[in-house]
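Please take me through this model by question and answer. Start at the ligand, then turn to the sheets.

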Amino acid sequence: MTSFNLIKPYFIENRRKILWGVFFLVAVDLAQLFIPRIIKWAVDDLTYGNSKRNQLLLYALYIIIAALLMAICRYFWRQFLIGTSRRVEEGLRNRIFSHMQTLSQSYFIKTKTGELMAHATNDVTNIRMAAGMGMVALTDALFLGTAAIFFMIYIDLRLTLYALMPMPFLVMAARYFSRKMHWKYQAVQASFADMTEVVREKFAGIRVVKASTLEERSYEDVRRASMDYVEKNISLTRVTGSFFPLMMLFTNLSLAIVLFFGGTETIFTRITTGDFVAFISYLNLMTWPMMAVGWVISMIQRGKASLDRINRIIETIPDIRECPAPSPMERPPALIQFDHVTFSYETTDSGYKALSEVDLSIEKNTFTGITGPPGSGKTTLLRLIPRLFDPVAGAILFDGKDIRSIRRDDLRSFISFVSQEPFLFSGTIAENITFAPYDPQDAKLVTSADAACLYETILSFQNGFETLVGERGVVLSGGQKQRIAIARAIYHDGPILILDDPVSQVDAETGEKIMANIRKEFYRKTVLIVSHRLSPLKDAQKIIVMENGRITESGSPRSLSKTSGYYHKMATLQRLEEEHP
Ligand code: ADP
Ligand code: MG
């Protein structure tokens, strides 16, 4: 029951509404239970021949009043109870989202986006259904069911026992079928997701498909996916199709029993004709609660399972945590040190080490270049500085202080980071650079865009800085995205500038220009640039060569070119390429 604590606050917060909701729900049930009594009075009056029109009119009036009462109260309980369940849903979804944002990158590497989406949608919906309709149906079923049985017993105990005989089977069948329907429904949903994905993929890759004349295969894949969807749907219909007839069968069985035994009782005048008719009405009232019990039990079970899943996420502790009493840091560090830093993406002991015992010092306002073959750990090394990950062993120190003890917001405020695959969110180009709505007065925006060799490109777009990018905007090339990310870093002007292969996707000439612009900042910034091409690093005070997660060479470009290591080999190779393109 611990997961229930997750939604308890929302129930407590809305307890007034819940109480009112239950009040109106019970009022509806009472009115409903009153109707068979009225029928009994009317029928008895008719059979004993002492009915007058006025009397009948009164009974009719009672029924109208009960019906009105039911209509009004029904409206209110829906408002109160379903409204509450929506609020529980909202609170829970916000809670999940804000928690997910605190989790570190390693969690998102392990968990697929689709899975997270499923938690934020399906699981939350399941919980809402259980908390809303589930609770309603349960209250309703318990109250209405018990009251109806009570009235039936009041009429005739033995007849009640007979009539209820098929009921346990009805509950069991309802439970069995609602479970089965749920699984089938899930399968339909999954199949629908698959089909959408197949179609999406085929359209996204239509150019490749056409270029390689794969249309036949493509068509076959889509056909197969849609066949599967149809089959799953038919399979669901088979279950729903047999559910309701079966329910009717059980109810009619009860009716037959009551008709025979109740009829007999009436003949022997142990009960009145009115009682007999009322009894049948109560039996009808019973049917829904009985079905509901089976249905609700599985709904609540589903909600519970979802709640447990969400609870597991909420209990996932972010591994990049703020330490209990982080110390503030006002000025950017004069010295950044890596002290025996070891890092592995896998949490198991046997995990491959992306970095092993890296020692490195970076002084303020210097330019350090990092190079090395792909997969050697360059990107990983950069990621540890803003604490996207924490080292497995060793530490990174700012002015001798472990960065884990520094306030994370302070730490990150020093750093402008351009990652290898720049990420643009949907919005305008200006928003992607400044993180704020476009301001035509913003001169810094223009200079930053210019420094990233982006300004002319932006002017060539019809909407300039207000051009939309992302899913619903223009399609940008890799190089354009990279330059937006560089402009973003220049705009935010952190004293520590970290660039991960920033000009890998722009042509050599533009790359050269961008580097020249960045170089202007060198005297007042600490700059760290990863590049597989060596030309952007030629002005670096220090170059580090990484191989297999270790630093294998370090020194000035000049001193390194005199050795016979990786740097020397690459420098020779790249010079040859430039001379003989
Ligand atoms: P580089 O930037 O030098 O190409 P990386 O730092 O990206 O190298 O990668 C170093 C090693 O870590 C590689 O073996 C790579 O496969 C692994 N690696 C990189 N990113 C991840 C990740 N997100 N999850 C797991 N392994 C990773
Ligand atoms: Mg990399």
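**Ligand and sheets**

Author: A polar side-chain atom of T380 lies 2.4 Å from an oxygen atom of ligand 1. The model is predicted: local features need pLDDT of at least 70, side-chain atom pairs count only at pLDDT 80 or more, and totals for chains, interfaces and linings use all residues. Residues are numbered from 1 along each chain as its sequence is written, chains are lettered from A and ligands numbered from 1 in the order in which they are written, and side-chain values use heavy atoms, with hydrogens and water left out.

Reader: How far from an oxygen atom of ligand 1 is a backbone N or O atom of G377?

Author: Polar contacts here are pairs of N or O atoms within 3.5 Å. For S376, a backbone N or O atom lies 3.2 Å from an oxygen atom of ligand 1. For G377, the distance is 3.1 Å.

Reader: What percentage of the accessible area of ligand 1 does the protein cover?

Author: Accessible areas come from the Shrake-Rupley method with a 1.4 Å probe. On its own, ligand 1 has 560 Å² of accessible area. The protein covers 68%.

Reader: Which helix gives the largest share of the shell around ligand 1?

Author: The shell takes in residues with a heavy atom within 4 Å of the ligand. Among the 13 residues there, G375, G377, K378, T379 and T380 come nearest. Helices are DSSP runs (H or I) of at least four residues, numbered from the N terminus. Four shell residues, the largest share, come from residues 378-384, helix α11.

Reader: Which strands are the edges of the six-stranded sheet?

Author: Strands are DSSP runs (E) of at least two residues, and two strands pair if DSSP finds at least two bridges between them. This open sheet has mixed pairing and the order β6-β9-β10-β3-β11-β12. Two strands pair on one side only: β6 (415-418) and β12 (550-555).

Reader: Which residue in β11 is the bridge partner of T368?

Author: Strands β3 (residues 367-371) and β11 (residues 542-547) pair in the parallel sense. Four bridges join them. In β11, the partner of T368 is K542.

Reader: What angle does helix α19 make with β11?

Author: Helix α19 (residues 566-579) packs on the sheet and touches β3, β11 and β12. Contact means heavy atoms within 4.5 Å. Angles run from 0 to 180 degrees between N-to-C directions, with axes fitted to C-alpha atoms, for helices over the stretch in contact. The angle is about 100 degrees.

Terms used: A polar contact is a pair of N or O atoms within 3.5 Å; within protein, one must be able to donate a hydrogen and the other to accept it, and residues adjacent in sequence count only if both atoms are side-chain atoms.
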